[in-house]
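Please look over the sequence and the model below.

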Amino acid sequence: MKHQLIMPSTIDNLRNAIIDKVMTISDKESLIALNKLAETVLENETHDLDNVILPKHVVEGIKKGQADIEAGRHITFDAFKKKLSIK
(Lines give C-alpha, C1' and ligand atoms only; values in the text may rest on other atoms or scores of the structure.)
Protein backbone atom coordinates (compact mmCIF):
# COMPACT_ATOMS: atom_id res chain seq x y z
CA MET A 1 0.00 0.00 0.00
CA LYS A 2 1.46 3.35 -1.04
CA HIS A 3 0.98 6.31 1.24
CA GLN A 4 0.26 9.76 -0.01
CA LEU A 5 2.57 12.48 1.24
CA ILE A 6 0.48 14.56 3.61
CA MET A 7 1.39 18.14 4.36
CA PRO A 8 -0.13 18.50 7.81
CA SER A 9 -1.21 21.93 8.95
CA THR A 10 -0.95 21.16 12.63
CA ILE A 11 0.97 18.90 14.96
CA ASP A 12 -2.22 16.90 15.57
CA ASN A 13 -2.64 16.30 11.85
CA LEU A 14 0.97 15.16 11.57
CA ARG A 15 0.62 12.87 14.59
CA ASN A 16 -2.56 11.34 13.17
CA ALA A 17 -0.96 10.84 9.75
CA ILE A 18 1.95 9.01 11.38
CA ILE A 19 -0.40 6.87 13.48
CA ASP A 20 -2.37 5.93 10.35
CA LYS A 21 0.82 4.78 8.65
CA VAL A 22 2.08 2.87 11.70
CA MET A 23 -1.25 1.04 11.95
CA THR A 24 -0.60 -0.51 8.52
CA ILE A 25 2.84 -1.87 9.42
CA SER A 26 2.91 -5.59 10.14
CA ASP A 27 6.67 -6.22 10.13
CA LYS A 28 7.72 -6.89 13.73
CA GLU A 29 11.29 -5.61 13.28
CA SER A 30 10.04 -2.34 11.83
CA LEU A 31 7.64 -1.90 14.74
CA ILE A 32 10.42 -2.62 17.24
CA ALA A 33 12.59 0.02 15.56
CA LEU A 34 9.76 2.56 15.58
CA ASN A 35 9.06 1.84 19.24
CA LYS A 36 12.72 2.42 20.10
CA LEU A 37 12.67 5.70 18.17
CA ALA A 38 9.51 6.82 20.00
CA GLU A 39 11.02 5.92 23.38
CA THR A 40 14.16 7.92 22.56
CA VAL A 41 12.14 10.95 21.47
CA LEU A 42 9.95 10.81 24.58
CA GLU A 43 13.00 10.46 26.83
CA ASN A 44 14.57 13.53 25.23
CA GLU A 45 11.32 15.52 25.55
CA THR A 46 11.11 14.60 29.23
CA HIS A 47 14.64 15.88 29.82
CA ASP A 48 13.78 19.12 28.02
CA LEU A 49 10.91 19.70 30.47
CA ASP A 50 13.41 19.89 33.31
CA ASN A 51 14.75 23.13 31.86
CA VAL A 52 11.44 24.85 31.15
CA ILE A 53 11.01 28.27 32.71
CA LEU A 54 7.38 28.94 33.53
CA PRO A 55 5.90 32.40 33.03
CA LYS A 56 5.53 34.48 36.20
CA HIS A 57 1.71 34.29 36.19
CA VAL A 58 1.84 30.48 36.05
CA VAL A 59 4.27 30.27 38.96
CA GLU A 60 2.06 32.66 40.95
CA GLY A 61 -1.01 30.54 40.20
CA ILE A 62 0.77 27.40 41.37
CA LYS A 63 1.86 29.13 44.59
CA LYS A 64 -1.73 30.29 45.24
CA GLY A 65 -2.99 26.75 44.72
CA GLN A 66 -0.39 25.35 47.09
CA ALA A 67 -1.32 27.97 49.70
CA ASP A 68 -5.01 27.03 49.35
CA ILE A 69 -4.19 23.37 49.90
CA GLU A 70 -2.04 24.13 52.96
CA ALA A 71 -4.85 26.32 54.39
CA GLY A 72 -7.38 23.52 53.90
CA ARG A 73 -9.25 25.27 51.08
CA HIS A 74 -9.77 22.23 48.89
CA ILE A 75 -12.20 19.40 48.22
CA THR A 76 -11.78 15.92 46.81
CA PHE A 77 -12.45 15.28 43.15
CA ASP A 78 -15.41 13.06 44.09
CA ALA A 79 -16.90 15.88 46.19
CA PHE A 80 -16.39 18.27 43.29
CA LYS A 81 -18.16 15.90 40.89
CA LYS A 82 -21.04 15.50 43.33
CA LYS A 83 -21.32 19.26 43.82
CA LEU A 84 -21.21 19.83 40.07
CA SER A 85 -23.94 17.27 39.35
CA ILE A 86 -26.36 18.86 41.85
CA LYS A 87 -26.52 22.11 39.88
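Leaving aside residues up to four places away in sequence, valine 22 touches Leu31 and Leu34. Leucine 34 is twelve residues from valine 22 in sequence, and their C-alpha atoms are 8.6 Å apart.

How far does the confidence reach? This is a predicted model. The protein chain has a mean pLDDT of 84, with 83% of its residues at 70 or more. Helix H3 (residues 56–70) has the highest confidence, at 92. Helix H2 (residues 28–49) has the lowest, at a mean of 85.

Now the open space. The largest pocket has a volume of about 450 Å³. It is lined by 13 residues, and Arg15, Ile18, Ile19, Ala38 and Val41 are the closest to its centre. H1 and H2 are the elements that each give two or more residues to this lining. By class, the lining of the largest pocket holds eleven nonpolar residues, two charged and no polar.

Charged pairs come next. Side chains of opposite charge can pair when their charged atoms come close. The model has three salt bridges.

One of them joins aspartate 12 and arginine 15, at 2.7 Å from N to O. Both residues sit in helix H1, three residues apart, or about one turn of the helix. Aspartate 12 is partly exposed because its relative accessibility is 47%. Arginine 15 is also partly exposed, at 44%.

Another salt bridge links arginine 73 with aspartate 68, and their closest N and O atoms are 2.7 Å apart. Aspartate 68 is partly exposed, at 29%.

Aspartate 78 and lysine 81 also form a salt bridge, with 3.6 Å between the closest N and O atoms. Both lie in helix H4 (residues 77–86), three residues apart, about one turn of the helix. Aspartate 78 is exposed because its relative accessible area is 55%, above the 50% cut-off. Lysine 81, at 42% relative accessibility, counts as partly exposed.

Terms used
Residues numbered from 1 in each chain as written. Predicted model: local features only at pLDDT ≥ 70, side-chain atom pairs only at ≥ 80, totals over all residues. Heavy atoms only, no water. Contact = heavy atoms within 4.5 Å. pLDDT = per-residue confidence, 0-100. Helix = DSSP H or I, 4+ residues; strand = E, 2+ residues; numbered from the N terminus. 1 Å grid on protein atoms, 1.4 Å probe; cavity = no way out; pocket = protein on both sides within 12 Å on 5 of 7 lines; lining within 4 Å. Points joined across faces, edges and corners; volume = space filled by probe spheres on them. Nonpolar A, V, L, I, M, F, W, Y, C, P; charged D, E, K, R; others polar. Salt bridge = Lys/Arg side-chain N within 4 Å of Asp/Glu carboxyl O. Buried < 20%, exposed > 50% of the residue type's maximum accessible area, 1.4 Å probe, protein only.
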